[in-house]
Amino acid sequence: MNKTGAQILVESLLAEGVDTIFGYPGGAVLPIYDALYDADLRHILTRHEQGAAHAADGYARASGKPGVCLATSGPGATNLVTGIANAYMDSVPMVAITGQVPTSLLGRDSFQEADITGITLPITKHNYLVKDVKDLARTVREAFYIATTGRPGPVLIDIPRDVSAGMAEYEDPGPVQLPGYHIKLEPDPEQVTRAVRAIEESERPVIYAGGGVINGGAHEELLRLAEMLLAPVATTLMGLGGFPGNHPLSVGMLGMHGSKYANYAVCECDLLIGVGVRFDDRVTSKIEEFAPNATVIHIDIDPAEIGKNVGVDIPVVGDVRCSLRKIIERLQPRLESRWRDKIFNWKKEYPIEYVENGRLKPQEVIQEIYNVTRGNVRVATDVGQHQMWAAHYYSYDRPRTFITSGGLGTMGFGFPAALGVQVACPDENVVCISGDGSFQMNSQELATAVHYNLPVKVAIINNGYLGMVRQWQELFYNRRYAYTEITGPDFVKLAEAYGAAGMRVTKKSEIREAMEEALRIPKPVVIDFPIEREENVLPMVPPGEPINKMLG
Amino acid sequence: MRHTLAVLVENNPGVLARVAGLFSRRGFNIDSLAVGRTENPDVSRMTIVVEGDARVLEQVTKQLHKLVDVIKINDITADEYVDRELVLIKVNVDPAQRGEVMQIADVFRARIVDLGRKTLTLECTGNDGKINAFEESLRPYGIKELVRTGKIAMLRGSKYTGLQDNGARDE
Amino acid sequence: MEITVAEALVKCLEQEQVEVIFGYPGGAILPVYDALYHSSIRHVLVRHEQGAVHAADGYARATGKVGVVMATSGPGATNLVTGIANAYMDSVPLVLFTGQVPTSQVGTDAFQEVDITGITMPVTKHNYLVKDAAQLPRIVRNAFHIASTGRPGPVLIDIPKDVAQTVIDFKYPEMVQLRGYKPTYRGHPNKIAEAARLIAASERPVIYAGGGIINSRASQELLALAETINAPVTNTFMGLSSFPGDHPLFLGMLGLHGTRAANLAVTNCDLLIALGARFDDRVTGKITEFAPNAGVIHVDIDPAEIGKNVQVHVPIVGDVKQVLQELLARLEKRNDTRWLEQIQAWKEQYPLAYRRDDGELKPQYVVEKLYEITRGDAVVATDVGQHQMWVAQYYRFKRPGSLISSGGLGTMGFGLPAAVGAQIGLPGERVILVTGDGSIQMTMQELATAVEQELPLKIIILNNYSLGMVRQLQQLYCEGRYIAVDFKFHPDFELLARAYGIRGYTLRTEKDVDDLLPGALEAPGAVLVNCLVSAAENVNPIVPAGKSISEAIDC
């Protein structure tokens, strides 16, 4: 039967199991929205396309399913750019669909025309400009396949208006055929053997686990590996939740704002097992002195990550879960480990801590949120100091419970992402930990939250500064606070203007009660926490220093 | 060190932009790049000469592989291969010197493709070394214009860089 | 002088007489911010980088100066993309500085790394990644030159953090040297003479004037041309305000939502004089029936625009102002009035109109009132959508450059930050933002910037509780199957304004408008006026997709 391109698109989305789309309409996507009118798909209208992209991203991170966002041509498409780049850096499966001007007007600077495939070349796993309606079904199939397999990432499909309005026969395109796209799931047996041998020979192993553990669904295997080796597990920011944060072998986060004991462990280990990580600069700092005495095993699905930043002794390219299983099945559990005991001592000796002084401290806000929620909520954060405190003072015990912008570090991600998380997990509580700077970036999505009754609880860690930048200015620029002081609206009144609930907490003793009340209120809640203004995130590795040379 | 990569890509619009963009954003240096279609109209072949040590090369190859439109990459530097480049050179020649220049052309098996009142345009193919030598020998006459295609290359013997296995022997 | 690149950059900006920078700090741009700390250049801290680039854009449009933007790497840079594309489409001079990760980390997917030069290649006039610190002064010099000359546009400079910290021997280059960039300002005399002949021979000329008139400050010449040859003038959306809105020769806007008089004049003219315009699809409608019987003179500084969409009989590449001056010297006064009589008849037969008898507050009424109160003398910024078209139709602009709006990209969310920039550029003038309920929400956080900068902005929301333009299109093309256009939920804009410390009003009737709007516009400080207008109102006339502009309908 002949269908319009838009109808074919909708059929294809349904065939891929899509149930929710985050989007914003416009002229060039008009035929697509018209097809959505009849479709059994939930459409969430955001208030800015950036919100749609981040919400789709949050949805994907929480559910493991690809997030889908839809926008019109021109500004609609360019407004997705930050969200796409964000998903790209954090390997989030996302399919972004954009309208485009009719093919006859392409390349003529037409109204609302932007070369979005050109623009997004550097930040998509792949992208398509569909010029023939007959290619549409196959393109959508490929896009979802590419977005979700191997190392996941965003794929963009740009659809000119005449293509979505054009007619074609819809046929299921069948399995994907992409000669240029290979995924290696099974690791090379020889590398597995080498890895096993290196592990057996090691005395001081450290597991360095990243987002790949979560993407690869390998958290159980990771736990087994750690327990068999009695090896401490340090996670990256992206890896939080991939290993239970309250497990004795957890040493928390490593790197620039890692725990001292995690960084010491890495510096003194004789074997570093990198699992789904990429040796990012925020982790390694001075790269020559990162794990200087260690044999390095690097397990990752993306061969291009191996050897990109550091030399690797034993590369294991393959699916992380599959690779870990192959390794684990050949290991003997250890019963004793002096190394583990040493780590335990460090944990006692160098806890992450802060000084109480009667003023409201961000750390205690996060701690109390943890105490109230007992780790049983999904936490989304924005970017900055509050993000690091949320990494330090909240314990994530399950994968996909900590949703944060790691690689791109996108202020403004948190709140729309939290909405996406809430859509994906309607029966769970979602807490967005944000800052006053970050929250302002996409505060318009309060309307979306109220419109769809997504009862996200937003905790604004409000210090009246772009705090992380201010901290750098304090430490490295002689306290010259150039343009980092920032004002904002009265967040309580702002929430109320949207019909959400607003609260303000100024004392430590009030945090718990406010949080409990917020969780009882069946609608979005914004809690403003005016905190000690010049509190710093510590410990901290100054730029260019090895990770065991920490401040604080 | 310089490496010669034979890269098979889907003959899709924008594929050149994808490859060029990758080199620029990853900070890889391209010495030359030549592209054209192959025996299969759906597939184009790029010959990329790139400067860098083994680690750079490894990254170049792996990052190129991540482009969905890139089908196959073969670093043929260490193999036996034939490489050719074409150059067009326009030289200033007054009639008296014409003979000399034509002799040089002979030595390099170059051809004269155009004749002006005071100029000669020559075409020469060969590998890097030959083309450079040809250019040097014409330099004294005054080169008005010079254009090179960039290198293309092919493995010798029965090895080939085809859609099937890398360097497979067709036996 | 031995200084760091960051300090050199600030010196360059001072040399270029930059007075204000719109920006948002972050890690990679920190060295530059530290250098700014000591400078007298004003820095306006926005609440989202998109706000910075739109504000700089509004500033540039309002003042004619180059708008300057500063942002950090990664998300800071990508948040600029829409604003850059917007400035690119409307030929607005901007110079944007982004921080980048240190050179040693470029290409490694480092924290907050994106390839912003790659990303912005399709939407900048030019861009640079500074790898050699010593080149920075030359690059800045070139960037300002490229951004502000020829057909203006945005230029981006990406500066790795280590480069910003490198010490160089600073000297600001006096000369610009660019082998590949030489705009043509003087039109070819033969072509100008040919144009003069064509004009003299024509019986039914129409002047079709675009944003190029405003960019080249050629309004006086445009007026002189129109009055000399007695030709009616129609403006593109971008051209509005370049010709007095109350002048008898003015036809109003042409194209998709143009006046019928303008569209009929173009369709029936025998000579179309296109000045600084680009025959955009929104203007031409069905292109084969656009000015079908006319000879076409096309004056533009960008040679690539000529012949891009339509065939041109007399192409003149040059600065519109200079070309018009030379052309005027060759023209004689024309007094043939038959064509003007026909035009007048069309104007009388097809005035812009809307119904007022149904008891609802009409958005057009608000705009008309606004015109009345301000006498066409305010700087009006708009967002994108129906309200934008109503401003174009019902506000008669008097002063060149007094309409600040997103034409080519059609960026919802442009209005508020652009108005902020315009008000900063024109501190003594009345700047009014007319926006919609969808658009204002896109970049509403900049209310905090307006308050922090103590700007007396007047914000008027024509609130129809929907994405009205898309709703109108769904009514017209999708048989009224409305989806994702009705905002079932809105904030209370008056309360919202108050959350930011801004005075808020809600107007529901014509009487409210009559009684309260004048006072709201006179009130000190920033003011937000929420006008609850008829939800079903459409922008009329409209040329249906694929039709000739002479076939406009009312829907």
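Helices and strands here are DSSP runs, a helix (H or I) having at least four residues and a strand (E) at least two, and they are numbered from the N terminus. With that in hand, the place of B:Asp69 can be given: the loop between α2 (54-66) and β4 (70-75) of chain B. The model is a predicted one.

- Is B:Asp69 buried or exposed? Its relative accessibility is 6%, and buried means under 20%, so B:Asp69 counts as buried.
- The side chain of B:Asp69 is joined to the side chain of B:Arg18 by a polar contact of 3.4 Å.
- Leaving out residues up to four places away in sequence, B:Asp69 touches B:Leu8, B:Val9, B:Glu10, B:Asn12, B:Val15 and B:Arg18 in chain B, and A:His126 in chain A.

**Where chain A meets chain B**

- Chain A puts 21 residues into this contact, and chain B puts in 17 residues.
- About 1,500 Å² is buried between chain A and chain B, and carbon and sulfur atoms give 48% of that area.
- How many salt bridges are there between chain A and chain B? The count is one.
- A:Asp302 forms a salt bridge with B:Lys66, and the closest N and O atoms of the pair are 2.6 Å apart.
- Seven residue pairs are in polar contact between chain A and chain B, with both residues at pLDDT 80 or more.
- Sorted by class, the side of chain A that touches chain B has 11 nonpolar, six polar and four charged residues.

- The size of an interface is often given as the accessible area lost when the parts come together.
- For chain C and chain A, the buried area is about 6,800 Å², with 61% of it on carbon and sulfur atoms.
- Three residues, C:Phe111, C:Arg481 and C:Phe489, supply 11% of the area that chain C buries against chain A, which is more than any other three residues.
- The contact takes 83 residues from chain C and 81 residues from chain A.
- Five salt bridges are counted between chain C and chain A.
- A:Arg480 and C:Asp34 form a salt bridge in which the closest N and O atoms are 2.4 Å apart.
- Which helix gives the most to the side of chain C that touches chain A? Helix α2 (residues 30-36) of chain C does, with five residues.
- That side of chain C has 41 nonpolar, 24 polar and 18 charged residues.

**Strands and their partners**

- Strands of a sheet pair through backbone hydrogen bonds, either parallel or antiparallel.
- In chain C, six strands form an open sheet with parallel pairing, in the order β16-β15-β17-β18-β20-β19.
- Why is one side of β16 (403-404) and of β19 (503-507) left without a neighbour in the sheet? These two strands of chain C stand at the edges and each has a single partner strand, so one side of each has no neighbour.
- Within chain C, strand β15 (residues 379-382) and strand β17 (residues 431-436) run parallel and are joined by four bridges.
- C:Thr382 stands opposite C:Val434 in β17(C).
- In chain B, strand β2 (residues 29-37) pairs with strand β3 (residues 43-51) in the antiparallel sense, over eight bridges.
- β2(B) and β3(B) form a hairpin, and five residues lie between them.
- B:Val35 stands opposite B:Met46 in β3(B).

**Two buried places**

- Helix α5 (residues 81-89) of chain A has eight of its nine residues buried, so it is largely enclosed by the rest of the structure.
- The buried residues of α5(A) are A:Val81, A:Thr82, A:Gly83, A:Ile84, A:Ala85, A:Asn86, A:Ala87 and A:Met89.
- C:Ile159 lies in strand β7 (residues 154-160) of chain C, and C:Ile159 is buried, with a relative accessible area of 2%.
- Not counting residues up to four places away in sequence, C:Ile159 touches several residues, among them C:Leu9, C:Phe97, C:Val130, C:Leu136 and C:Ala164.
- From C-alpha to C-alpha, C:Ile159 and C:Ala536 are 50 Å apart in space, and they are 377 residues apart in sequence.

Key
Residues are numbered from 1 along each chain as its sequence is written. Chains are lettered from A and ligands numbered from 1 in the order in which they are written. This is a predicted model: local features need pLDDT of at least 70, side-chain atom pairs count only at pLDDT 80 or more; totals for chains, interfaces and linings use all residues. Side-chain values use heavy atoms; hydrogens and water are left out. Contact means heavy atoms within 4.5 Å. Buried area is the accessible area (1.4 Å probe) that two parts lose on being put together, summed over both. A salt bridge is a side-chain nitrogen of Lys or Arg within 4 Å of a carboxyl oxygen of Asp or Glu. A polar contact is a pair of N or O atoms within 3.5 Å; within protein, one must be able to donate a hydrogen and the other to accept it, and residues adjacent in sequence count only if both atoms are side-chain atoms. Ala, Val, Leu, Ile, Met, Phe, Trp, Tyr, Cys and Pro count as nonpolar, Asp, Glu, Lys and Arg as charged, and the others, Gly among them, as polar. Buried means under 20% relative accessible area, exposed over 50%, partly exposed in between (1.4 Å probe, protein chains only). Two strands pair if DSSP finds at least two bridges between them.
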